[in-house]
Amino acid sequence: MELDFKIQDFEGPLDLLLHLIKESKMDIMNIEIELITKQYMDFLNEQEKLNLEVSSEYLVMACELLEIKSKMLIPNNKDKVEEEEKVDPREDLVNRLLEYQAYKDITKVLQEKELIRKEIYTKLPESIKNYSDGDNEIHCDVSLDDLISAFQKYYQRKIDSKPIKTKVTVKEISVSSRKHDIKSILKNKKRVSFFELFPVVNKEYIVATFLAILEMAKEQEIKIIQDKEFDDIVCEAI
Amino acid sequence: MQKAVLEGLLFVVGEDGLTLEQIEEVLEIDEGRAKELLMDLKKDYEEEDRGLRIDFLGNRFKLTTKFEHKEYYHKLIENPETNTLSQAALETLAIIAYNEPITRIQVDVIRGVGSASIIRKLVAKGFIKESGRSEAAGRPILYETTNEFLDYFGLSSTADLPKLDEILQDVSKEEDTEADLYKSRYKEN
């Protein structure tokens, strides 16, 4: 069977299945699950070949079909007495298809009604002000000057209501100031523990200090020594 | 005189329409009299030399033009709006209308695809609205159709919807779909 339609033409996996069932002229109450599963999978594969993304809902349905197919292949070895109580693995799917089909059919009825309703017209409600007593009418004896002064007052209020600008500053710790500090420490001490260089526990401070140490090491101003692993790191002036 | 006033009232409210209660209140009459007036006016409008009609749409009485005169309106309105709802929107509306109040997940289950964006659009169009929350896990939002939905399809009330049973044939509708959602699909018989 030639499949030359796109997945976009379907509202979902149920819609696609109904279409395939109809095309194959199958009885919905007695779906040939093997054939329909094959057609369904072929269709999905075709979509993928065209580099079209198959949405997950279609894949979920593919799994369901395969599950039903495998269930139907398993020979039923149970007691013959239970024969009547055996659940058709297709039952759930068939019910869902029938239910979906019903709503699909109803959309056709709704569509007809939609078109008919479009042919009759109503009007917007009348503006109620045409029917009010006229008490709300504005008696106008204001001059242009009144308007200007009213506007000026409004404008002033607008300015007044603006939040006052202020600056909230954070004390900046620069890398160069830390370099300077470290230099003066090393002048007095010659050797200093790495951890001693971080007396303040504050993110900016730690970052600036660390960068200062790295820079100084790069510029050959200090030497960083660690005797053995996990030992204290020592900074030494060169 | 009351009949004439009623005619004027219907004109003023236009597409908003009037409920029976509103008519009773404004005209200070009882329900029986209000119905009588409506029927009387409705009969007058059915005459061939009248251009309007009283329709009961979306639970409200509205003054509308006559369907029979559509061709003249087509001539008058150069670009009649021909936008109609998509298949997906119609499906979703149908499912909500027959199962309201219903959660989005329940709609998804029946359609077999996600319906979140369509439901959002339908809410924006005013065809459905939120109507509280379900008692199920996560307390999902419940949706129901509005009077605008009914009017859009020319329906008087939800009783006017085509009968689902006739279309559903022998599919037994589950009584408690909510519980069914969160139970396994295994059935005892």
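User: Before we start, what should I know about numbering and confidence cut-offs?

Analyst: Residues are numbered from 1 along each chain as its sequence is written, while chains are lettered from A and ligands numbered from 1 in the order in which they are written. Since the model is predicted, local features need pLDDT of at least 70 and side-chain atom pairs count only at pLDDT 80 or more, whereas totals for chains, interfaces and linings use all residues.

User: Okay, chain B. How many helices and strands are there in chain B?

Analyst: Helices here are DSSP runs of H or I with at least four residues, strands are runs of E with at least two, and both are numbered from the N terminus. Chain B has 10 helices and five strands.

User: And how much of chain B counts as buried?

Analyst: Buried is a neighbour count: 20 or more other C-beta atoms within 10 Å of a residue's own, with 12 or fewer meaning exposed, partly exposed in between, and C-beta atoms placed from the backbone. By that rule, 26% of the 189 residues of chain B are buried. As for contacts, two residues touch if their C-beta atoms, placed from the backbone, lie within 7 Å. Among contacts in chain B with a separation of 6 or more, 48% come from residues 24 or more positions apart.

User: How do I read a helix pair, say α1(B) and α3(B)?

Analyst: Under 35 degrees is roughly parallel, over 145 roughly antiparallel, 65 to 115 roughly perpendicular, and the rest oblique. The axes of α1 (residues 2-13) and α3 (residues 31-46) of chain B come within 10 Å and cross at roughly 75°, so α1(B) and α3(B) are roughly perpendicular to each other. On the α1(B) side, Gln2(B), Lys3(B), Leu6(B) and Glu7(B) make the contact, and on the α3(B) side Leu37(B), Asp40(B) and Leu41(B) do. By class that's three nonpolar, one polar and three charged residues. Nonpolar means Ala, Val, Leu, Ile, Met, Phe, Trp, Tyr, Cys and Pro, charged means Asp, Glu, Lys and Arg, and the others, Gly among them, are polar.

User: Where is Ile29(B) placed, and what does Ile29(B) touch?

Analyst: Ile29(B) is in the loop between α2 (20-27) and α3 of chain B. Leaving aside residues up to four places away in sequence, Ile29(B) touches Gln2(B), Glu24(B) and Ala34(B). Gln2(B) is 27 residues away along the chain, yet the two C-alpha atoms are separated by 9.6 Å. With 16 other C-beta atoms within 10 Å, Ile29(B) is partly exposed.

User: Now strands. How do they pair?

Analyst: Strands of a sheet pair through backbone hydrogen bonds, either parallel or antiparallel. Here, two strands pair if DSSP finds at least two bridges between them. In chain B, β1 (residues 52-57) and β2 pair in the antiparallel sense over six bridges, with Arg53(B) and Thr64(B) as bridge partners. Their hairpin has two residues between the strands, and Gly58(B) takes a positive phi near 55°.

User: Is β2(B) enclosed or in the open?

Analyst: Five of the six residues of β2 (residues 60-65) of chain B are buried, so β2(B) is largely enclosed by the rest of the structure. Contrast α5 (residues 144-161) of chain A: zero of its 18 residues are buried, so α5(A) lies largely in the open.

User: What is the strand order of the open sheet in chain A?

Analyst: The order is β1-β3-β2, three strands with antiparallel pairing. Each edge strand, β1 (191-193) or β2 (222-226) of chain A, pairs on one side only. Three bridges join β1(A) to β3 (residues 233-237) of chain A, and five join β2(A) to β3(A). Cys235(A) stands opposite Val192(A) and also opposite Ile224(A). The β2(A)-β3(A) hairpin has six residues between its strands, with Phe230(A) in the turn at a positive phi of about 65°.

User: Last one: how many residues does each chain give to the contact between them?

Analyst: Chain A gives 34 residues and chain B gives 36. On the chain A side, α4(A) gives the most, with 18 residues.

Notes: Axes fitted to C-alpha atoms, helices over the stretch in contact; angles between N-to-C directions.
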